[in-house]
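The sequence and the structure are shown first.

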Amino acid sequence: MSAPETAAVGAAPKRNVATDIALIATFAALIAVCALLPAISVGGAVPITLQTFAVILAGAVLGARRGFLAVLLYLAVGAAGLPVFSGGSAGLAPFAGPSVGYLVAFPLAALLAGFIVERLPRRKIATSIPLIFLAGIVSSFVFVHPLGILGMAWRADLTLGQAFVADLAFWPGDVVKNILMALVATAVHRAFPSLLPARRRA
């Protein structure tokens, strides 16, 4: 076998740009749908929505780069004026409100979730469910909660301690959403094993 043929065999399959764009747009729309579903008020400045579920799912299913881009597209569409944010809000106002920290954290959380999931063993589906769950929880607690707390302290006129207490209301739901995310993500990978980019090693 010649050197060019060997290189061709060892190379990862080329990705279809049109497919990538379609997947990014699809997950941006999914995030919008989850944001527009009825929110649960916990008496604080920011309600509970399903956005986090869709955001982390985008990273876990599409990988770091495409998951990040899907969330960025969602934020860009909302900032441009389409009513895709929680409660049907749109424009730049949500970025000046108490939820700004969560919005800023979303693409970073998708990026980290995708980064972790891309490095998981693909063939061990039984163990991938808890591992993908952990990827989601880690992403939430590295970016979503810390930046959300800072955003509430900044825009809701709360101390960091008060913002932290307000954020605690999201923790039980976050666990449930990440369990569901892990179940959905592993099912998708089982059905479409080539959807995630080729496994990368740290």
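## Overall architecture

Of the 202 residues of the chain, 40% count as buried. The model is predicted, and the values below were computed from its atoms. The secondary structure comprises eight helices and zero strands, so that the order of elements from the N terminus reads α-α-α-α-α-α-α-α.

The chain exposes about 10200 Å², of which carbon and sulfur atoms supply 73%. Among contacts between residues at least 6 apart in sequence, 73% join residues at least 24 apart.

## Helix α2

Helix α2 covers residues 17-36 and has 20 residues. From its first C-alpha to its last it reaches 29 Å, close to the 28 Å expected at 1.5 Å a residue. At the start of α2, a side-chain oxygen of Asn16 comes to within 2.8 Å of the backbone nitrogen of Ala18.

Which residues of α2 are buried? They are Asp20, Leu23, Ile24, Phe27, Ala28, Ile31, Ala32, Cys34 and Ala35. An α-helix has 3.6 residues a turn, so residues three or four places apart point the same way. The buried residues of α2 pack against α3 (51-62) and α4 (64-79).

## Helix α4

Helix α4 has 16 residues and reaches 22 Å from its first C-alpha to its last, close to the 22 Å expected at 1.5 Å a residue. Its buried residues are Ala64, Arg66, Gly67, Ala70, Val71, Tyr74, Leu75 and Gly78. These buried residues of α4 pack against α2, α3 and α5. Just after α4, Gly81 takes a positive phi of about 125°.

## Salt bridges

Side chains of opposite charge can pair when their charged atoms come close. How many salt bridges does a search of the whole structure find? The search finds three.

The side chains of Asp20 and Arg65 meet in one of them, at 3.6 Å from N to O. This pair links distant parts of the chain, with Asp20 in helix α2 and Arg65 in helix α4, 45 residues apart. Asp20 also forms a salt bridge with Arg66, where the closest N and O atoms are 3.0 Å apart. Here too the pair links distant parts of the chain, Asp20 lying in helix α2 and Arg66 in helix α4, 46 residues apart. Both Asp20 and Arg66 are buried; Asp20 counts as such because its relative accessibility is 10%, under the 20% cut-off.

Another salt bridge joins Arg119 to Glu118, with the closest N and O atoms 3.9 Å apart. Glu118 counts as buried because its relative accessibility is 2%, whereas Arg119 is partly exposed, with a relative accessible area of 22%. Salt bridges that share partners join Asp20, Arg65 and Arg66 into one network.

## Two buried loop residues

Thr49 is found in the loop between α2 and α3. Is Thr49 buried or exposed? It counts as buried, because its relative accessibility is 11%. The side chain of Thr49 makes a polar contact with the side chain of Gln51 at 3.1 Å. Leaving aside residues up to four places away in sequence, Thr49 touches Cys34, Ala39, Ser86 and Lys177. Of these, Cys34 is among the buried residues of α2.

Leu120 has its place in the loop between α5 (100-117) and α6 (125-155). Leu120 is buried, with a relative accessible area of 11%. Leu120 and Ile132 are 12 residues apart in sequence, and their C-alpha atoms are 8.2 Å apart in space.

## A nonpolar surface patch

Val175, Val176, Ile179, Leu180 and Leu183 make a nonpolar surface patch of about 390 Å². Leu183 lies in helix α8, which covers residues 171-191. How is Leu183 classed by accessibility? Leu183 counts as partly exposed because its relative accessibility is 42%, a value between the cut-offs of 20% and 50%.

Definitions and conventions: Residues numbered from 1 in each chain as written. Predicted model: local features only at pLDDT ≥ 70, side-chain atom pairs only at ≥ 80, totals over all residues. Heavy atoms only, no water. Patch = residues over 30% accessible without salt bridge, like charges linked within 9 Å, V, L, I, M, F, W, Y side chains within 5 Å. Areas by Shrake-Rupley, 256 points an atom, 1.4 Å probe, with all protein chains shown as cover. Salt bridge = Lys/Arg side-chain N within 4 Å of Asp/Glu carboxyl O. Helix = DSSP H or I, 4+ residues; strand = E, 2+ residues; numbered from the N terminus. Buried < 20%, exposed > 50% of the residue type's maximum accessible area, 1.4 Å probe, protein only. Expected span 1.5 Å × (residues − 1). Contact = heavy atoms within 4.5 Å. Polar contact = N/O pair within 3.5 Å; in protein donor to acceptor, adjacent residues only side chain to side chain.
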